[in-house]
Amino acid sequence: MMGDTTRHADDLRISILRHLTGEQRLQIALEMSDLARELCLAGLRSRHPDWSDSELKREFIRRMIAPVTLPRSSP
């Protein structure tokens, strides 16, 4: 059971997910991935309003994909 919902709500969520097709579950996962990316970029944009789109994207990649191997973007 998830910690932020009731047992009934969690059971209902699981039941709904079990009745989805693989394609529907994949679509939800892709939408969640897109939303996570948008939220991350919005957070970066609010903390660094002077950064260009390419700087924001590079920082996103640095944080999400390869935080150890990519250097910070240069101005």
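Helices here are DSSP runs of H or I that span at least four residues, and they are numbered from the N terminus. With that in hand, welcome to this briefing on a predicted model. The protein has three helices and zero strands, and along the sequence the pattern reads α-α-α.

**Overall picture**

- The protein has 75 residues, and buried ones make up 16% of them.
- Its accessible surface comes to about 6,100 Å², and carbon and sulfur atoms account for 60% of that area.
- Among the contacts with a separation of 6 or more, 3% are between residues 24 or more positions apart.
- Helix H1 covers residues 7-18, while helix H2 runs over 22-47 and helix H3 over 53-64.

**The nonpolar core**

- As background, nonpolar side chains tend to be buried together in soluble globular proteins.
- In this model, the largest nonpolar core has five residues: Cys 40, Leu 41, Leu 44, Leu 56 and Phe 60.
- Helices H2 and H3 each supply at least two residues of this core, and H2 gives the most, with three.
- Why does Leu 41 count as buried? Its relative accessible area is 14%, and buried means under 20%.
- Once neighbours within four places in sequence are left aside, Leu 41 is in contact with Leu 56, Lys 57 and Phe 60.
- Take the pair Leu 41 and Leu 56: they are 15 residues apart in sequence, and their C-alpha atoms are 6.8 Å apart in space.
- Cys 40, another member of the core, touches Phe 60 and Met 64, again not counting residues up to four places away in sequence.

- How many salt bridges does the count come to? The count comes to five, and those described here are among them.
- Glu 59 forms a salt bridge with Arg 62, with the closest N and O atoms 2.8 Å apart.
- The side chains of Glu 59 and Arg 62 also make a polar contact, at 2.8 Å.
- These two residues are three apart in helix H3, so about one helical turn separates them.
- Arg 63 forms a salt bridge with Glu 59 as well, and here too the closest N and O atoms are 2.8 Å apart.
- Arg 63 and Glu 59 are four residues apart in helix H3, so they are separated by about one helical turn.
- Through shared partners, the salt bridges join Glu 59, Arg 62 and Arg 63 into one network.
- Are Glu 59 and Arg 62 buried or exposed? Both are buried.
- Glu 59 counts as buried because its relative accessibility is 1%, and Arg 62 is buried because its relative accessible area is 12%.
- Arg 63, in turn, counts as partly exposed because its relative accessibility is 35%.

- Asp 11 forms a salt bridge with Arg 7, and the closest N and O atoms are 3.4 Å apart.
- Asp 11 and Arg 7 are four residues apart in helix H1, so about one helical turn separates them.
- Asp 11 counts as partly exposed because its relative accessibility is 37%.
- Arg 7 is also partly exposed, because its relative accessible area is 48%.

**A nonpolar patch on the surface**

- Leu 17, Ile 28 and Met 32 form a nonpolar patch on the surface; together they have about 260 Å² of accessible area.
- Leu 17 lies in helix H1.
- Leu 17 is partly exposed because its relative accessible area is 33%, and a patch takes residues with over 30%.

Technical notes: Residues are numbered from 1 along each chain as its sequence is written. This is a predicted model: local features need pLDDT of at least 70, side-chain atom pairs count only at pLDDT 80 or more; totals for chains, interfaces and linings use all residues. Side-chain values use heavy atoms; hydrogens and water are left out. Patches are made of residues with over 30% relative accessible area and no salt bridge: like charges are joined within 9 Å, nonpolar side chains (Val, Leu, Ile, Met, Phe, Trp, Tyr) within 5 Å. Accessible areas come from the Shrake-Rupley method with a 1.4 Å probe; for residues, only the protein chains shown count as cover. A salt bridge is a side-chain nitrogen of Lys or Arg within 4 Å of a carboxyl oxygen of Asp or Glu. Buried means under 20% relative accessible area, exposed over 50%, partly exposed in between (1.4 Å probe, protein chains only). A nonpolar core is a set of buried Ala, Val, Leu, Ile, Met, Phe, Trp, Tyr and Cys residues joined through side-chain atoms within 4.5 Å. Contact means heavy atoms within 4.5 Å. A polar contact is a pair of N or O atoms within 3.5 Å; within protein, one must be able to donate a hydrogen and the other to accept it, and residues adjacent in sequence count only if both atoms are side-chain atoms.
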